[in-house]
Amino acid sequence: MEDTNQFALTEKASKTAQALKSEEWFSDASDAGVFAAAYIVKKYPEFDPLTYIPHDGLGSKYNYSSFDPDGTWLRFLQARYHTETPRVCMKSLINYGLECISDIIEEHGIIRISDFI
Amino acid sequence: MRFVQFAIENFGPYLEREEIDFTDRDGVTIIWADNGRGKTTIMRAFNFLFFGNIESPISTRDDFFSYINTRGISNGKYDFYTELTLSDEDDIYIITRKCVTKHGITVPESSADMVVELYVNFNGNILSADDADRLVRNIMPEEISRFFLFDAEMLQDYSVLLKADSGSGNTIKEAIEKILGLPILTNGATDAKIIRNKYEEEENAAEKQDKRTAELGVQKGKRLEDKKLQEQELEGKKQQQQDLLNEMHEIDADMQKVTQLKSLLEKKKRILEEIERTKGEIAFKKTETVELLKDAWKWFLKEPVQVTICSLQAEVSTLSSKQASAKDQKVIIDYMRQAIETGTCPVCDHKATSTEKDHINDSIRIIEAGIKGLSDDELAHLHQNTQMISGLKMLGLNEDHLDVLAIKCKELNNLQIKLDDLHDNQLASVVAAISGNTESDEDYVRDLTRRSLECEQKLEAVAEGITGIEAEIQKLEDLIKALSEQIKAASKGTELGFAQAKVRFSQGVEEIFTEAVGTYREQLRQKVEKDATDLFLKMSTEEDYDSLKINSNYGLEIMRDGKPVPHRSAGWEQIVAFALIGALHRNAPLEGPVIMDSTFNRYSSNNKKKIISVLPELSDQVLLLANIGEIDANAARKDLGHMIVQEMTLNRINSEHTTIEKGAN
């Protein structure tokens with residue numbers, strides 16, 4: 001598989017990132033994506049981003065650099081998952097993370113950041 | 001009478017069956033809760049259980065539909081109930097009041113579709129509906145419920161007792177005398193009087209029949225007729241007085257509504273200010289949280305990065321060991337070769353024989369065959385891992401402030417709950433109460449004041465009339481007595497003796513009862529005054545307040561240097577009311593637990609401490625529904641000591657579901 005610098009989020013993930021932005025928890029949807037990716041790495045260590053296939057690519061499109069401007073994630077993901085495709089890996093983490101967050105928000109009926117800490 | 005267990009289900013925020021188990025120890029049970037968790041609902045549930053209605057400022061007393069748990073409605077569960085297990089010496093009562101959908105209705109849409117049912121299990125037997133109703137009314141008559149179930153806000157109502165001839169004051173006074181058992185004596189006096197009148201008529205009939213006493217008997221008969229008419233007039237006047245007192249009661253209630261409206265508007269203003277303050281706090285706290293959230297992803301990664309470094313280091317360590325081992329073996333081979341070439345061991349200078357050299361050569365071949373250094377791939381892997389470790393270390397993901405973020409989030413959640421409660425419960429109830437209170441314009445207040453004055457004047461006139469008639473009756477009684485004496489003298493040796501004895505006996509009984517009413521009432525007042533003073537001084541933080549003085553209405557004045565303290569504050573009003581309630585419980589023949597939904601926000605911490613310490617003296621069983629923010633839990637535990645029998649907490653699962661948990665959070 002080829003690593004990619006540009007990717008689209010799923011529709012559900014994209015809406016969640018927008019909601020977190022419009023509720024002013026994050027100044028940018030990409031910041032919400034980074035938070036969601038880190039949330040999954042920390043809370044769901046068994047999740048394998050290398051085998052995960054996002055449902056669709058109907059959400060907003062992003063440049064990888066908007067999530068990882070200084071390459072921190074790149075270095076971490078290469079080391080953690082021994083992968084040649086860390087950007088694809090990041091895409092999976094962001095999509096899965098935002099979708100998990102969406103499910104929890106839906107269950108509680110409100111955005112409550114304490115649910116994710 | 002002791003409470004054993006209280007249960008509630010599908011009522012207000014209590015979705016599932018929740019229970020409060022009262023212990024068999026005397027003392028205070030505290031249920032801790034934040035605002036909006038369901039404290040007031042517990043009070044309303046007790047009201048529903050005992051009286052079949054629900055007191056609320058925002059709904060009518062029979063608006064049962066609005067009390068069905070909303071999650072329950074979503075799940076198709078519409079019935080709710082409250083249940084109380086009581087013990088009275090060896091008897092056990094289980095009272096269950098249910099609100100159920102009417103027969104034939106599957107999905108109720110309003111209270112009209114609901115019906116209330118009462119069941120009482122008495123020592124294992126289910127009572128009939130009438131018996132159940134009678135028994136519950138006897139256990140807790142609604143008129144005296146204010147002395148058992150009360151919230152602190154209501155305590156101010158007792159200030160009307162200080163006002164003579166106040167309608168509300170009279171109602172409360174009657175309730176007080178009822179709780180103290182006075183009606184037993186007043187009913188006795190009334191019955192004795194009826195009997196005496198009957199005997200007097202019988203006696204007079206006998207007197208008229210005897211020729212020696214007939215003339216005097218006719219005169220006495222006329223006086224008795226006059227007295228009867230006067231008594232009828234007195235009855236009428238007393239009825240008039242009662243009607244006027246009732247009218248005053250209504251005027252007082254309307255006056256209170258006006259006062260209540262003012263206080264509601266004040267309350268609304270305070271709530272709106274509190275809402276704005278809370279919104280400000282939320283905005284500030286959110287800014288702090290958002291600031292922290294920016295770095296939260298780094299804190300999330302700290303542990304995974306460390307785990308990854310550990311795993312890489314383990315691989316590096318294995319490869320490095322393998323590499324080092326191969327290197328060591330090569331050094332040994334070099335030594336061995338040197339020994340063969342020079343014929344001398346480089347370590348111990350031993351001269352090697354040719355046999356030994358052959359043996360060393362064999363050993364070199366064996367060792368060389370066993371040396372496993374790193375492959376090219378392994379070397380690359382070692383290099384890559386070493387680089388990754390240093391790369392990960394350079395990321396600087398060494399900090400974790402998630403605990404700080406978690407605290408901020410919790411604070412934010414609590415503020416949001418507070419805001420929801422202020423907005424959805426407190427403000428909504430005040431707004432509803434205000435909208436139901438239309439009697440507010442100045443003309444209306446003036447008219448009320450005029451009617452109140454007129455009523456007072458009429459009451460004065462009626463009171464004068466009553467005094468006049470009573471004096472007239474007294475005069476007639478004196479005349480009748482004098483005539484009776486003359487008849488007695490003239491009737492010696494006649495058949496009148498038995499009729500006269502009956503009259504004398506009934507007069508004696510009536511006098512005993514009349515005197516007993518006065519004496520008992522006075523004694524009660526003195527006892528209530530003494531006990532209330534005792535409790536008041538325990539709660540008072542003012543050293544120069546030296547006692548309470550009771551008036552004929554059971555109103556209590558605070559005394560300082562022998563003079564009443566004027567214009568006491570609402571907080572002191574409540575303390576005086578606490579003292580009155582405690583004193584009534586000490587002196588009442590009817591015993592029962594005290595349940596209080598208490599707001600302590602009017603008091604200083606010193607006042608709170610003293611009031612809490614006195615709670616066990618109010619009754620054997622006291623249930624305090626305490627607001628977490630208003631009472632310092634540790635201080636309360638210290639102040640109550642062993643008198644705190646248990647603590648519970650109302651735990652909010654979500655806005656539709658509260659549970660009652662044992663223990664304090």
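In this predicted model, 4 bridges join strand E9 of chain B to strand E10 (residues 556–560) of chain B, and the two strands run antiparallel; strands here are DSSP runs of at least two residues and helices (H or I) runs of at least four, numbered from the N terminus. Local features need pLDDT of at least 70 and side-chain atom pairs count only at pLDDT 80 or more, while totals for chains, interfaces and linings use all residues of this predicted model. Residues are numbered from 1 along each chain as its sequence is written, and chains are lettered from A and ligands numbered from 1 in the order in which they are written.

**The sheet of chain B**

- Three strands of chain B form an open antiparallel sheet in the order E9-E10-E11, where two strands pair if DSSP finds at least two bridges between them.
- The edges of this sheet are strand E9 (547–550) and strand E11 (563–564) of chain B, each of which pairs on one side only.
- Helix H12 (residues 570–587) of chain B lies across E9 and E10 of chain B, at about 110° to E10(B).

**Helix H8 of chain B**

- The buried residues of H8(B) are B:Asn385, B:Met388 and B:Leu392, a residue being buried if 20 or more other C-beta atoms, placed from the backbone, lie within 10 Å of its own, exposed if 12 or fewer, and partly exposed in between.
- Seen down the axis of H8(B), these buried residues fall within an arc of 65°, so they line one face of the helix; the arc is that of the directions from the helix axis to the C-beta atoms.
- On the other side of H8(B), the exposed residues include B:Asp376, B:His383 and B:Lys393.
- B:Gly396, whose phi is positive, near 70°, follows H8(B).

- Chain A has 5 helices and 2 strands, which follow the pattern β-α-α-β-α-α-α along the sequence.
- Of the 117 residues of chain A, 44% count as buried.
- In chain A, 20 residues are in contact with 22 residues of chain B, contact meaning that the C-beta atoms of two residues, placed from the backbone, lie within 7 Å.
- Helix H2 (29–43) and helix H4 (72–81) of chain A are the elements that give two or more residues to the side touching chain B.

Notes:
Axes are lines fitted to C-alpha atoms, for helices over the stretch in contact, and angles run from 0 to 180 degrees between N-to-C directions.
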